Amino acid sequence: MPATLSHFIFAQPRSLRSNLLFLVVIAFIPILAFAIVMVILSARNEREVFERGATERTRALITAVDAELKSFITPLEALATSRHLDVGDLGRFYEDAVRVLKSQPVWRTIILSLPSGVSVLNLLRPLGTELGAVVEKRSFNQVLKTLKPAVGDILFGPLTQSYDFVIRVPVLREGKLTYVLSAVIATKSIDGLISPQQLPPDWIGVVLDTRNRFVTRTIQPERNAGQLASESLRAALRRSPEGWFRGTTVEGWPVYTPYSRSSFSGWSVAMGIPADVVDATLRRSLLYLVFLGSGLLALSLLTAWILSSRTAGSIESLALMARTVGSGQHFPSETTQARITEVQVVRDALLSAHELLKRNSAEKERIASRLQLALQAGNIGVHEWNPQTKQLIWDDRVRAHWGLSPGAPVDFAVFLRGLHPGDRPRLKATLKRALDPASDGQYSAEFRVIGAEDQVQRWIEARGQVVFENGKAVRLTGTTIDISERRAFQSELERLVQERTAQLQETVGELEAFSYSVSHDMRAPLRAMEGYAKALLQDYRDRLDAEGKHWLARIAQSAQRLDLLVRDVLAYSKVAKSEIELTLVDLEKLIDDIIAANPEFQPPQVQIRMVKPLDRVIGHEAYLTQCVTNILANAIRFVADETTPVVTIRSERLDGKVRVGFQDNGIGIDRAHHERIFQIFGQVYPQDKYGGTGIGLAIVRKAMQRMNGDVGIESELGRGSRFWLIFNGEKDVAEPSHTVGRR
Amino acid sequence: MSPNRAILLVEDNVDDIFLLKRALQQARIVNPVVVVSTGQEAMDYLSGNGPFADRFTYPMPAVIFLDLKLPFVFGHEVLGWIRRQKELEPLPIIVLTSSNEASDLSRCYALGANSYLVKPPTPEQIGALAKAFNWSWLEYAH
């Protein structure tokens, strides 16, 4: 049973209404029980008070009866002291007794008896009449025994023809009982004590003698006098001299009865209080309780019902709201206030949550649609695979990439089948790597897919990311793009590049052959021309006139010059095209070597001074040799007549770069020509006077550029020139960006 | 057998032959100059094949002046061949080149040339060469 109750209370979800009703009932039960207990206690208390009151009244009544009886004893005792009895003068005593009798209206007669039980005098008979024995023996014997007054029981007096009772007193003379004096008294003397007027209506009052016979009764005293009291009353009197019980009257009416017996007279007083009257209070209280309780319960239940309806309604509207919020639908703009604070709070919270959600979902939708558009525009497919459940999700673009129609069912097998057999192992390996929890989870692959339905081969690029949780791959998400066009374009491009490269290589080869031819074959005739011209000049000197010699000299010079020109052009083209590797170059040693190898750079023709130490530079030794040689050659060539060329070389560091300056004392170059001199054939001065091919500085500039450096000039006409070779700093030598061409 | 004193010139260009001979002449060198014009001839000459077996007419040279641009068999092939012949090991080979380009020169040295002369050589250059190699066998006109 308790299990069922707790199950009922706690286990099952129940409606708010049944909860509330249950609460009301549960709360009501102790109250009702308490009320019932209180009513019963109060009723009992009330009855106790009533009972006590009734008992008090009974006691008062028996006291009144005793008092009445005693009031009869006093005149009788006074009479007993009559002196006529001292001497046995019954005649005189008779007169005395008659006088007393007349003063007592309820007394019927006075009887004088001898202790032997024989009456000698009765006022109802003339003196001297033979009287019988005493009728009522019990009280007579009591007087004989106790020598004290006694009250007799009720009896029907044969003489009086009515129910009377007797009071007896002893007549004592010198301590000896001489007579017993008795007064016969009508019971109506007692009637007045318990008259109905003195009792509440319906109550029955009775006075009983020692034998429990009615002395008087408020109901029909005449008929009841001398009758035995009810069985229940007699039983109660046998139990105790005083008390309260519920019993029945002689008529059989249910009554509550307080009773009390006098120790003086042995008489009793009892009341019959109708049980209805006594019980009515309790019954009425209980009835009221039932009515009131039921009413209150009904009211509470009704209130609970209404409240629960209201609450449930509010909660249902909340639930509706929550569902609306959850479904992301538009919110019904309901303005009614909830009648429950908490519900209002939840409602407000839901409303703000809805606002937030609305805003968020609008933003999300925007983002999603943007993404969708972007995916569409880029023809980007999205795939997701769960390595645990093996579930594969593809959008229709991925399906299209796999040559599947929209909505076609896909799984891992479909994915694998679509792969070109040649690419399958590679892609599997890629995926395996990405799924390894030790990896970063990223994957990217280009592979071929043979369309499942259209058999078209597509190049697909897939990129994505594996998500790991607790060291396990739980999701693989990424994109696929159809790169077939790009692939085709790429291979076309590659083919073109190969083609062009081949063409270029061919051209380069041709050019090399051409250069070789130029440097070897084309120069051979020039050398021959020069050689023969010189031979002519030497061997036929005598037979030629001055003009002939001059012409021959011009031929030799022209051949020589053309040879020089060819060599410089070749040098320039070589500087422009060859691959070089930059290293750290010791400039001092390089210049020393150049001077040693070229007698024309040595004194007395020229003075070349180095301001040591010269910084080491990043460059290419052969190119640098060419540059330095050309600059020195220019310095020597372009000097005024009769001037010994002087060149001073120094280096300086500037902004992490090394600048090497060649200061000469030559004729200088006008500022206007500073740019031109570095151009090929950019000669400024007449050849005849200074020589040169006009290519030297162009070679310098090209070579410096190839070494990531530069060349510059500071010069004015007639003030000499300073050429600058500018190099990148030494610290950069290790950086690959300064390496030109292939290694 | 008399000590080698001939100069073997391997050259197909008559102008260059003329200019070299003239330079030698101007340098007053009178050693006999034997000229062959192809690489094959040069190898035959040195091997003593065919007519070159006559060492009186075709004596073993003390030096070879070798042009690299030869018909049929290129000069550097001849160079390589000579360097493979054990008995020719002490024979100095001077390459005649029309350029002093580094690529040409390094190839000559790589193949085992002893030195080079840029064409056309001047008498001074030949003199300097002789001096550098300490050629005591050279004979000078007086």
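In what order do the five strands of the open sheet in chain A stand? The order is E13-E12-E16-E15-E14, and the pairing is antiparallel. Strands, like helices, are DSSP runs numbered from the N terminus (E, at least two residues, for strands; H or I, at least four, for helices). Two strands pair if DSSP finds at least two bridges between them.

The model is predicted: local features need pLDDT of at least 70, side-chain atom pairs count only at pLDDT 80 or more, and totals for chains, interfaces and linings use all residues. Residues are numbered from 1 along each chain as its sequence is written, while chains are lettered from A and ligands numbered from 1 in the order in which they are written.

At the edges of the five-stranded sheet stand strand E13 (392-394) and strand E14 (442-450) of chain A. Each has a single partner strand, so one side of each is left without a neighbour in the sheet. Neighbouring strands of this sheet are turned by 20 degrees against each other on average, direction ignored. Such angles are taken between axes, which are lines fitted to C-alpha atoms (for helices over the stretch in contact), and run from 0 to 180 degrees between N-to-C directions. Within the sheet, strand E15 (residues 457-469) and strand E16 (residues 472-482) of chain A are antiparallel and share 10 bridges. Here Ala462(A) faces Thr480(A) of E16(A).

Chain A as a whole holds 18 helices and 23 strands. Of its 743 residues, 27% are buried. A residue is buried if 20 or more other C-beta atoms, placed from the backbone, lie within 10 Å of its own; it is exposed at 12 or fewer, and partly exposed in between. Contacts join residues whose C-beta atoms, placed from the backbone, lie within 7 Å. Among the contacts in chain A with a separation of 6 or more, 58% link residues 24 or more positions apart.

Strand E7 (residues 204-208) of chain A is largely enclosed by the rest of the structure, because five of its five residues are buried. In a regular strand the side chains alternate between the two faces of the sheet. Ile204(A), Val206(A) and Leu208(A) point one way from E7(A), and Gly205(A) and Val207(A) point the other way. E7(A) runs antiparallel to strand E11 (residues 268-274) of chain A, with five bridges between them. Ile204(A) has Gly272(A) as its bridge partner there. Three bridges, again antiparallel, join E7(A) to strand E8 (residues 214-217) of chain A. Val207(A) is opposite Thr216(A) in this pair. The two strands form a hairpin with five residues between them, and Asn212(A) in the turn has a positive phi of about 65 degrees.

Helix H2 (residues 16-80) of chain A has 65 residues. The expected span of a helix is 1.5 Å times one less than its number of residues. Buried residues of H2(A) include Leu20(A), Val24(A), Leu61(A), Phe72(A) and Ala80(A).

Chain B meets chain A through 12 residues, which are in contact with nine residues of chain A. Helix H1 (residues 14-26) of chain B gives the most to this side of chain B, with four residues.

Within chain B, Ile94(B) lies in strand E4 (residues 93-97). Ile94(B) counts as buried because it has 21 C-beta neighbours inside 10 Å. Residues up to four places away in sequence aside, Ile94(B) touches several others, including Val63(B), Phe65(B), Tyr116(B) and Leu129(B).

Methods
Contact = placed C-beta atoms within 7 Å.
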